[in-house]
Amino acid sequence: MSDKPTAELMDALSNADSIDSYMEHNNRFLVEGELSKHIARLCSEKGLVKAQVIKRAEMNEIYAYQIFSGKRMPSRDKLLCLCLGMELNSTETNQLLKCVGLAPLYPKNKRDSIILFGFEKGQSVMEINEGLYENDEKTLN
């Protein structure tokens, strides 16, 4: 995936005569939405083993392997757990969430702020869940 700033893509989209002309000139800058490819790339880049990621994500192995293989699409919370298991930072996590059409973590949202804090401090799923529970927020499932 090549990179072009989002603002430039929005400009091009606003000024395009048709969606076809926009796609013709900008298709190489658009992200693919297939989660299994994204997480495989991230694991490869970071030298991670799936079993290690799954353990740190505190997920059911069968379910997690189905996500890795592309057979299942996780909820936002499950994907956040996988991101924690891959030790992604908040920027990488938000990019992945957006790539697959899920809402990025938003610091003005109380629950998301607690989760973002956990990412920034390198907390585990369990530690983030404790923070969520202590603040009367739904834990990551």
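Predicted model: local features only at pLDDT ≥ 70, side-chain atom pairs only at ≥ 80, totals over all residues.
Now step back to the whole fold. The protein has 9 helices and 0 strands. From the N terminus on, the order of elements is α-α-α-α-α-α-α-α-α. Along the principal axes, the C-alpha atoms fill a box of roughly 50 × 35 × 25 Å. The protein has 141 residues, and 38% of them are buried. Take the contacts between residues at least 6 apart in sequence: 53% of these join residues at least 24 apart.

Next comes the interior. In soluble globular proteins, nonpolar side chains tend to be buried together. Here the largest nonpolar core holds 33 residues. Which of them touch the most other members? They are Leu82, Met86 and Leu96. Helices H3 (35–46), H4 (50–57), H5 (61–69), H6 (76–85), H7 (90–99), H8 (110–120) and H9 (125–134) each supply at least two residues of this core. H6 gives the largest share, 6 residues. Leu96 shows how such contacts reach across the sequence. Setting aside residues up to four places away, Leu96 touches Leu35, His38, Ile39, Leu42, Leu79, Cys83, Met86 and Leu88.

Turn to the outside. The protein exposes about 8800 Å², and carbon and sulfur atoms supply 49% of that area. Part of the surface is a nonpolar patch formed by Met10, Leu13, Ile19 and Met23. Together these residues have about 360 Å² of accessible area. Helix H1 (6–15) and helix H2 (19–26) are the elements that give two or more residues to the patch. Ile19 is found in helix H2. Is Ile19 buried or exposed? At 52% relative accessibility, Ile19 is exposed, because the cut-off for that class is over 50%.

Charged side chains complete the tour. Side chains of opposite charge can pair when their charged atoms come close. A search of the whole structure finds 8 salt bridges. One of them joins Glu45 and Arg41, with the closest N and O atoms 3.1 Å apart. Both residues lie in helix H3, 4 residues apart, about one turn of the helix. Glu45 is exposed at 56% relative accessible area, while Arg41 is partly exposed at 39%.

Glu92 and Lys46 meet at 3.4 Å, N to O. Glu92 is in helix H7 and Lys46 in helix H3, 46 residues apart. Both are partly exposed, Glu92 at 24% and Lys46 at 34%. Glu87 and Arg56 meet at 3.6 Å, N to O. Glu87 sits in the loop between H6 and H7, and Arg56 in helix H4, 31 residues apart. Glu87 is exposed at 52% relative accessibility, whereas Arg56 is partly exposed at 27%. Finally, salt bridges with shared partners join Asp77, Arg111 and Lys138 into one network.

How values were computed. Residues numbered from 1 in each chain as written. Heavy atoms only, no water. Patch = residues over 30% accessible without salt bridge, like charges linked within 9 Å, V, L, I, M, F, W, Y side chains within 5 Å. Areas by Shrake-Rupley, 256 points an atom, 1.4 Å probe, with all protein chains shown as cover. Salt bridge = Lys/Arg side-chain N within 4 Å of Asp/Glu carboxyl O. Buried < 20%, exposed > 50% of the residue type's maximum accessible area, 1.4 Å probe, protein only. Core = buried A, V, L, I, M, F, W, Y, C linked by side-chain atoms within 4.5 Å. Contact = heavy atoms within 4.5 Å.
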